[in-house]
Amino acid sequence: MNNRHKYILSEAKDYLFITLGLMLYAFGWTVFLLPYQIVTGGVTGIAAIVYYASGIPIEDTYFVINVLLLVVALKILGVKFLMKTIYAIFALSFILWAAQKVMPVDDAGHYVKILGEGQDFMSLLIGCMLTGTSLAIVFMNNGSTGGTDIIAASVNKYYNFSLGQVLIAVDLCIIGSCLFIPEFGDTIGRVHKVVFGLCTMVVENFMLDYVMNARRESVQFMIFSKKYQEIANAIGTQMDHGVTILDGHGWYTGQDMKVLCILAKKRESVSIFRLIKMIDPNAFVSQSAVIGVYGEGFDEMKVKVPKKKKEAVKK
């Protein structure tokens, strides 16, 4: 398979998972959040506030705001990233519209509350777990749902802030605006909306970071074995993975030995253990979680280096 075919398959996979993520987002939002008039962050949250206050369809407000943000973000994120974002904006606008059309309504024309009356908080938890997971799926496949996601992706491109942290800051401003919407009732009613909105923010962004970090989580292996060369060859050739050989000295035995040090993604752990056991079942292996791994094959160091300091180090 040549590089062109690999690229096409990779792009097709991205668009497939982005679409599935958007469908999950629309399902969680329309079924669990919209009927209970729960306010969330993001452009969808702004569109919902406008809908609750004026009746303007959510998909219309969502689309207009995103078009404006896309124009601003074109230079920062590049055409390739924004192509998927543009696709996601059009797709999510349509999916939200379709989801609202198939949602059952009561005699008064209000959306049916699936979990029943008085289950606002439970509906909030389920809905935000679904929307947070869906956002992570979209981000992991090089896409974005637009809106505040564009702002988060722009900041994350240059600074080592998590996507969830950036979204929390933006969402605080959006949710706080509920205090000034008369349609939400008296002061107590508005405060109630803000408190629930803060809960949606925490749950959704926790799920976003959890799913994102679970995929990126790395581990470190320290392998002590007399067959270290065979193990290193197997991991290097069969898994196409780098291995570092360290010099060790046993305190009790007084013997010199080699120690293999491997940094890998957590999902690769089972394969590494399987190779070790096949070659040397008696090998001594320690596995530990690491906070972050930066470099080739892992994450990029997103810190800015002042020009003067960079030149001074070179000198």
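1. C173 is exposed in this predicted model, its relative accessible area being 60%, whereas C261 counts as buried at a relative accessibility of 17%. The structure holds 0 disulfides, a count that rests on the criterion of two cysteine sulfur atoms within 2.5 Å.

2. Of the salt bridges, 4 in number, one joins E11 to K84, with the closest N and O atoms 3.4 Å apart. This pair links distant parts of the chain, since E11 belongs to helix α1 (residues 3-33) and K84 to helix α3 (residues 58-102), 73 residues apart. Both E11 and K84 are buried.

3. K84 also meets the side chain of D14 in a salt bridge, at 2.6 Å from N to O. Because D14 lies in helix α1 and K84 in helix α3, this pair ties together parts that are 70 residues apart in sequence. D14 is buried, as is K84, and E11, D14 and K84 are linked in a network of salt bridges.

4. A further salt bridge is formed by E117 with K113, where the closest N and O atoms are 3.3 Å apart. Here E117 is exposed, with a relative accessible area of 63%, while K113 is partly exposed, with a value of 27%.

5. On helix packing, α4 (residues 120-140) and α7 (residues 187-216) pack at an angle of about 40 degrees, and their axes are 8 Å apart. The crossing in which α4 passes α7 is right-handed, and the residues of the contact of α4 with α7 comprise 16 nonpolar, 4 polar and 3 charged.

How values were computed. Residues are numbered from 1 along each chain as its sequence is written. This is a predicted model: local features need pLDDT of at least 70, side-chain atom pairs count only at pLDDT 80 or more; totals for chains, interfaces and linings use all residues. Side-chain values use heavy atoms; hydrogens and water are left out. Buried means under 20% relative accessible area, exposed over 50%, partly exposed in between (1.4 Å probe, protein chains only). Axes are lines fitted to C-alpha atoms, for helices over the stretch in contact, and angles run from 0 to 180 degrees between N-to-C directions. Helices (H or I, at least four residues) and strands (E, at least two) are DSSP runs, numbered from the N terminus. A crossing is left-handed if the near helix is turned anticlockwise from the far one by less than a right angle, and right-handed if clockwise. Ala, Val, Leu, Ile, Met, Phe, Trp, Tyr, Cys and Pro count as nonpolar, Asp, Glu, Lys and Arg as charged, and the others, Gly among them, as polar.
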